[in-house]
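Subject: Structure for your review

Dear colleague,

Please find below the structure that I am handing over to you.

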Amino acid sequence: MALLAIFLPLFLPGVIAGAAQPVRNGLFPLDVVDQLELSTMPKVETWMASKPASARNNCTLETAAIRREWSDLSVQEREDYVGAVLCLQKKPAKAPKDQFPGAISRFDDFVAFHMTQAMMLHDPQHLFASHKYFIWTYEKALREECGYTGYQPYMNYDRYAQDPIHSSMFNGNASSMGGNGAPSTYSGVIQPFRKPYDKIPPAGGGGCVMEGPFKDMVVSLGPKSPVVNSVPKNPRADGLGANPRCLRRDVNRNSALGATANYTYSLIMDNKDVDAFYNRYLGQPQLKGDNHPWGLHNAGHYIIGGDPGGDFYCSPGDPAFYFHHGMLDRVWWIWQMQDPTTRMTAIPETGSMSMGPMKRSDAAEIMVDFGFLAPPVALMKLLDPLGGYDGNFCYIYV
Ligand SMILES: *[C@@H]1O[C@H](CO)[C@@H](O)[C@H](O)[C@H]1NC(C)=O
Ligand SMILES: *[C@@H]1O[C@H](CO)[C@@H](O)[C@H](O)[C@H]1NC(C)=O
Ligand SMILES: *[C@@H]1O[C@H](CO)[C@@H](O)[C@H](O)[C@H]1NC(C)=O
């Protein structure tokens with residue numbers, strides 16, 4: 001009865017016919033971005049129908065995996081996901097021990113890679129495509145190495161922004177992604193060039209996570225760029241040594257308020273050019289009158305904050321990282337699908353994280369090299385979730 005009351009089936013006309021119908025959590029009415037996504041589905045169908053076989057790579061909407069919002073999963077599905085993450089944290093690392101002595105588990109492999117490749121992963125050319133590949137690789141590990149049968153969930157920030165601490169993401173019960181950190185004093189997270197809002201105010205946490213499935217998690221790698229106090233130093237200057245410590249978080253409403261649906265909607269609809277989209281996503285240049293001007297990327301990261309979640313290099317060390325970047329991948333896809341003919345292959349060129357002379361015209365030459373983590377793939381193959389990477393990518397967000 002309770003389930004029936006909460007889970008209202010939502011049928012998507014014409015889409016994913018034949019596949020299991022996704023279910024939505026009736027506690028959360030569709031927000032403006034959900035509605036936009038839904039109204040974009042006919043464009044997705046048209047786009048799929050227009051693709052040559054070489055771009056479709058056997059991927060169809062009927063067979064596509066469905067990545068869903070955390071609260072739309074049943075409690076059992078959430079617990080299954082959590083169980084798979086805990087499993088990955090118990091499997092031995094594959095990262096070369098001589099280079100990454102602090103990578104203890106398979107989960108740490110992803111942190112180690114992100115730490116050493118952070119500058120590449122965030123430059124304008126790579127940010128979207130490489131994170132897409134990164135999350136997909138993690139999802140694959142959960143499925144193939146830990147028996148998870150679902151797909152990577154995402155976090156629709158808007159659902160939790162008003163009270164993230166008591167949300168199904170962070171309320172600390174067995175079907176959450178763990179609770180908030182214990183109270184601590186730290187001064188907030190600096191957001192340069194955004195005066196007078198150049199700091200995300202702290203929200204009272206920042207200490208060790210005390211409740212939920214990750215309360216006993218051992219964080220090993222890092223820190224490299226900690227944002228909270230009293231994080232023990234890594235024995236190595238590069239942060240790659242073993243530094244066993246607790247997971248720290250400041251589940252932060254102040255940050256979440258910069259990631260409500262109106263921000264996401266504006267990001268998608270008011271930035272037709274890919275450079276503008278990339279820069280707005282990183283919160284630059286500052287919008288006039290905006291008192292939460294962090295940009296969706298930073299606002300989403302510091303909803304979790306803490307250590308390693310708030311550390312630019314080590315952030316995948318908080319298992320909630322994948323929900324945040326899942327949402328960003330979803331947002332990119334909705335943006336692409338507003339005008340797929342021009343946007344599917346649009347690669348950002350200029351932005352604050354630019355590493356130098358890389359030009360859009362060079363994109364065709366770029367190989368995304370994931371080292372020990374996954375095979376190298378041409379960047380241009382990592383753009384389309386429906387048929388990209390030779391058909392290995394075949395998923396939608398609902
Ligand atoms: C598509 O499916 C056909 C039939 O199963 C197979 O022969 C072909 O290799 C597949 N193509 C790709 C790109 O996976
Ligand atoms: C945990 O919280 C979620 C979201 O509030 C709820 O659906 C679920 O029933 C809770 N589980 C337990 C064991 O309390
Ligand atoms: C979103 O809504 C909030 C609250 O009404 C407002 O402060 C903020 O400026 C809005 N942001 C955008 C980009 O519309």
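The notes below go from the whole chain to single residues.

This is a predicted model, in which local features need pLDDT of at least 70 and side-chain atom pairs count only at pLDDT 80 or more, while totals for chains, interfaces and linings use all residues. Residues are numbered from 1 along each chain as its sequence is written, chains are lettered from A and ligands numbered from 1 in the order in which they are written, and side-chain values use heavy atoms, with hydrogens and water left out.

The chain as a whole

The chain holds 14 helices and ten strands; helices (H or I, at least four residues) and strands (E, at least two) are DSSP runs, numbered from the N terminus. Along the principal axes, the C-alpha atoms fill a box of roughly 60 × 55 × 50 Å.

Of the 398 residues, 59% count as buried; buried means under 20% relative accessible area, exposed over 50%, and partly exposed in between (1.4 Å probe, protein chains only). The accessible surface comes to about 15,600 Å², and carbon and sulfur atoms make up 59% of that surface. These areas come from the Shrake-Rupley method with a 1.4 Å probe, and for residues only the protein chains shown count as cover. Among contacts (heavy atoms within 4.5 Å) with a separation of 6 or more, 71% are between residues 24 or more positions apart.

In helix 10 (residues 261–269), the buried residues are Ala261, Thr264, Ser266, Leu267 and Ile268. Their cover includes helix 2 (32–50), helix 8 (157–160), helix 11 (274–281), helix 12 (295–304), helix 13 (321–337) and helix 14 (340–343). Asparagine 271 is placed in the loop between helix 10 and helix 11 and is buried, at a relative accessible area of 10%. Apart from neighbours within four places in sequence, asparagine 271 is in contact with Ser266, Ala276, Phe277, Arg280 and Trp335.

Aromatic rings

Rings of Phe, Tyr and Trp (its six-membered ring) pair if their centres lie within 6.5 Å; planes under 30 degrees apart count as stacked, over 60 as edge-to-face and the rest as tilted. By this rule there are 35 aromatic pairs. One of them is edge-to-face because the rings of tryptophan 70 and tyrosine 81 have their planes at 75°, with centres 5.9 Å apart. Tryptophan 70 is in the loop between strand 3 (65–67) and helix 4 (75–88), whereas tyrosine 81 is in helix 4. Both residues are buried.

Tryptophan 136 and tyrosine 389 form another edge-to-face pair, 5.3 Å centre to centre with 80° between the planes. Tryptophan 136 lies in helix 7 (residues 127–146) and tyrosine 389 in the loop between strand 9 (377–378) and strand 10 (395–397), so this pair ties together parts that are 253 residues apart in sequence. Tryptophan 136 is buried at 11% relative accessible area, and tyrosine 389 is buried at 12%.

Two rings also carry a charge over the face, meaning that NZ of Lys or CZ of Arg is within 6 Å of the ring centre and within 35 degrees of the ring normal. The charged end of arginine 67 sits 3.8 Å from the ring centre of tyrosine 395, and lysine 224 lies 4.4 Å from that of tyrosine 313.

Backbone geometry

Most residues other than glycine have a negative phi, and most peptide bonds are trans. The bond from glycine 222 to proline 223 is cis, with omega near 0°; proline 223 is in the loop between strand 7 (206–209) and helix 9 (253–256). Aspartate 307 and proline 308 are also joined by a cis peptide bond, with omega about 5°, and proline 308 is in the loop between helix 12 and helix 13.

Phenylalanine 193, which is not a glycine, has a positive phi of about 65°. Phenylalanine 193 lies in the loop between strand 5 and strand 6 and is exposed, at 81% relative accessibility. Aspartate 390 has a positive phi near 55° and is partly exposed, at 47%.

Yours sincerely
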